[in-house]
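Me: Could you pick one part of this model and walk me through it slowly? I'd like to see how that part sits in its own chain, and then what the other chain looks like.

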Amino acid sequence: MTSEQPRPEPRPCVLLLDADVVVRHVLAEYLRACGYQVVEAVSSDEALAILTHGEPRVDTLLADVTAPGATMGFALARHVREFFPSVDVILAGTPARAVDEAADLCEEGPTLARPYDPQLALNEIRRLMAARQSARLPET
Amino acid sequence: MTKAQAVPELAGRSKAILVVEDEALVRLVICEALREQGFTVVEAASAEEAEAVLASGLAVDLVFTDVHMPGTFDGLELARRLRLRRPDLPVLVTSGRLDQAGANGATGFLRKPYLPADALALIFSLIRKEAME
């Protein structure tokens, strides 16, 4: 009789780059729910600092193409492909596209299943963005 | 209901900590430590981002904020604003340049550099205290 042992391999790691905290949080929770380790970055500078640090080892960079930083968008993708060739790079231009890409990542692994309908994640992003827009805390 | 059909409870499945820290690697370490303890963690890289989180309605049970960060206001100002608007929300302030007295107004203070275990212990104690009040 054998007992199930936890996998020795670390969970695949997604470096999620998005400057909008609401979009980033919902996408990160979605990817975590399907088993990925997710590291969050708000700018390309932060993303490159995390990649250079090397811990955790990043497998995939999912980046908002408009995220700020010294190396933006397609230039960031080129830079990562050149200096971190083991990292898959996915660029997304809109939250909807980013959710689609996250859903595809969840189809590929590590649990081979989407945690829930990605449309729910997109709806949550839209709800939080709308609430933030209409209920900005007043300046004091 | 299957797992794939389950509705996400992004803001309510566990105690949620809003971590406000502009140093990505510092943020990474403390956020991972909190997640390992079962917390839902929302990451913000500035006080402005933290306000955007709170304005969006995401439920947060405690704010753990650095003081000196880029942006139009710092972590102390964030703590001051939250004390006025959300006096029930614990705010733990961390800084390498201030002491407890300098962080007057925060619910708690943790001097930088800190060990994740020390931050966790303080966060647990503040949340327990909040739950008992």
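Reply: Let's start with helix α1 of chain B, residues 24-36, which lies across β1 (16-20) and β2 of chain B and runs at about 165 degrees to β2(B). (Helices are DSSP runs of H or I with at least four residues, strands are runs of E with at least two, and both are numbered from the N terminus. Angles run from 0 to 180 degrees between N-to-C directions, with axes fitted to C-alpha atoms, for helices over the stretch in contact.) Keep in mind that this is a predicted model: local features need pLDDT of at least 70 and side-chain atom pairs count only at pLDDT 80 or more, while totals for chains, interfaces and linings use all residues. Residues are numbered from 1 along each chain as its sequence is written, while chains are lettered from A and ligands numbered from 1 in the order in which they are written.

Now zoom in on one residue of that helix. B:Glu32 sits in α1 of chain B, and it counts as partly exposed because it has 16 C-beta neighbours inside 10 Å. (Buried takes 20 or more other C-beta atoms within 10 Å, exposed means 12 or fewer, and partly exposed is in between, with C-beta atoms placed from the backbone.) B:Leu84 is 52 residues away from B:Glu32 along the chain, and their C-alpha atoms are separated by 30 Å.

What does the helix lie against? Both β1 and β2 of chain B belong to an open sheet of 5 strands, ordered β2-β1-β3-β4-β5, with parallel pairing. (Strands pair if DSSP finds at least two bridges between them.) Its edges are β2 (40-44) and β5 (108-111), each pairing on one side only. From one strand to the next, the twist averages 20 degrees. Further into the order, β3 (residues 62-66) and β4 (residues 91-95) of chain B run parallel and are joined by 4 bridges. There, B:Asp66 has B:Thr94 as its bridge partner in β4(B).

Step back to the whole of chain B. It has 4 helices and 5 strands, and along the sequence they follow the pattern β-α-β-α-β-α-β-β-α. Its C-alpha atoms fill a box of roughly 50 × 35 × 30 Å along the principal axes. Of its 133 residues, 44% count as buried. Among the contacts in chain B with a separation of 6 or more, 56% come from residues 24 or more positions apart. (Contact means that C-beta atoms, placed from the backbone, lie within 7 Å.)

Over to chain A. Here an open sheet has 4 strands in the order β2-β1-β3-β4, again with parallel pairing. Its edge strands are β2 and β4 (88-92), each of which pairs on one side only. Neighbouring strands are turned by 20 degrees against each other on average, direction ignored. Strand β1 (residues 13-17) of chain A runs parallel to β2(A), and 5 bridges join them. Within that pair, A:Cys13 stands opposite A:Gln37, and A:Leu15 has A:Val39 as its bridge partner. Since 4 of the 5 residues of β2(A) are buried, that strand is largely enclosed by the rest of the structure.

Finally, how do the chains meet? In all, 28 residues of chain A are in contact with 25 residues of chain B. On the side of chain A that touches chain B, α1 (21-33), β2 (37-41), α2 (44-53) and α5 (118-134) each supply at least two residues.

Note on methods
Contact = placed C-beta atoms within 7 Å.
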